[in-house]
Amino acid sequence: MHILVCDDEAGIRAVIRDYIEDAGYTCDEASDGEEAIELCEENDYDLIIMDIMMPGTDGYTAVKEIKKNKNIPVIMLSARKEEYDKLQGFDLGVDDYVTKPFSPKELMARIKAVTKRNTKEDIISVGNISLNNISHEVKIDGELVEMTSTQFELLKLFLENQGVALSRDKIIECIWGYDYEAEDRTIDAHIKLLRSKLGKYRNSIKTVRKVGYKFKYEEE
């Protein structure tokens, strides 16, 4: 796996790089958003770890530019804790957040969770919604719909558990695979964005009061 780490602090990049390489992955470094954009034009990465606050081109701007051409999973490094910042990132296609200061071991757990692929079935189809585990593509009414890795995994979880009420804790466990500290609003934001991608099938994801969510296929 080839990972790009973008942070203006050389010490942070060095620590992350050591852990990434110890895990058997390869790593490139960028000191600002502009350099990250250029590296993504020249290379294909499996994951980007992107700091938000950097001089010049900030992390959000860099992710927005990169996503115009390549759908690469992104984990943001943030010194901020405001919910608004997270929602803004999810809108751009960010898959996860790690708040500074962070544990490198926790970051590695999140890297593995974001990039994991469960291929029990090559294709899962429900009605006019089709999810392909091999090409990592989703088609709705035969049309390709672009989704982030997190949205893809969420949809797969729902399709594999039709009619089953899934608690927010269960969703976190299945998607991130570790004790991820997230407020209900953060999970709800992911669901809201996934619903928007489903178009006329958005109502298939139903809110289960005091529990979480379940999937029952239906059109508007």
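**View 1. The largest cavity holds about 50 Å³ of space.** This is a predicted model. The structure has 1 cavity of 30 Å³ or more. Its lining is made by Asp95, Ala113, Val114, Ser149, Thr150, Glu153, Ile175 and Trp176. Which helix gives the most? H6 does, with 3 residues. By class, the lining residues of the largest cavity are 4 nonpolar, 2 polar and 2 charged. Rolling a probe the size of a water molecule over the atoms is a way to show where empty space is left.

**View 2. The second largest pocket has a volume of about 250 Å³.** Its lining counts 18 residues. Which of them lie nearest the centre of the pocket? They are Asn71, His136, Glu137, Glu146 and Met147. Strand S8 (137-140), strand S9 (143-145) and H6 are the elements that give two or more residues to the lining of this pocket. The classes in the lining are 6 nonpolar, 6 polar and 6 charged residues.

**View 3. His136 has a positive phi.** The value is near 55°, and His136 is a residue other than glycine. Most residues other than glycine have a negative phi. Where does His136 sit? Look in the loop between strand S7 (129-132) and S8. His136 is also among the residues nearest the centre of the second largest pocket.

**View 4. Lys100 and Pro101 are joined by a cis peptide bond.** Omega is about -10° at this bond. Most peptide bonds are trans. Pro101 belongs to the loop between strand S5 (96-99) and H5.

**View 5. Helix H2 packs with helix H3.** H2 covers residues 33-42, and H3 covers residues 59-67. The axes are 9 Å apart, at an angle of about 15°. Why do H2 and H3 count as roughly parallel? Angles under 35 degrees count as roughly parallel, so H2 and H3 are roughly parallel to each other. Their crossing is right-handed. On the H2 side, the residues in contact are Gly33, Ala36, Ile37 and Cys40. In H3, they meet Ala62, Glu65 and Ile66. By class, this contact has 5 nonpolar, 1 polar and 1 charged residues.

Note on methods
Residues are numbered from 1 along each chain as its sequence is written. This is a predicted model: local features need pLDDT of at least 70, side-chain atom pairs count only at pLDDT 80 or more; totals for chains, interfaces and linings use all residues. Side-chain values use heavy atoms; hydrogens and water are left out. On a 1 Å grid over the protein atoms alone, a cavity is a set of points where a 1.4 Å probe fits but cannot get out, and a pocket is an open set with protein on both sides within 12 Å along at least five of seven lines; lining residues have an atom within 4 Å of a point. Grid points are joined across faces, edges and corners, and a volume is the space filled by probe spheres set on the points. Helices (H or I, at least four residues) and strands (E, at least two) are DSSP runs, numbered from the N terminus. Ala, Val, Leu, Ile, Met, Phe, Trp, Tyr, Cys and Pro count as nonpolar, Asp, Glu, Lys and Arg as charged, and the others, Gly among them, as polar. Axes are lines fitted to C-alpha atoms, for helices over the stretch in contact, and angles run from 0 to 180 degrees between N-to-C directions. Angles under 35 degrees count as roughly parallel, over 145 as roughly antiparallel, 65 to 115 as roughly perpendicular and the rest as oblique. A crossing is left-handed if the near helix is turned anticlockwise from the far one by less than a right angle, and right-handed if clockwise. Contact means heavy atoms within 4.5 Å.
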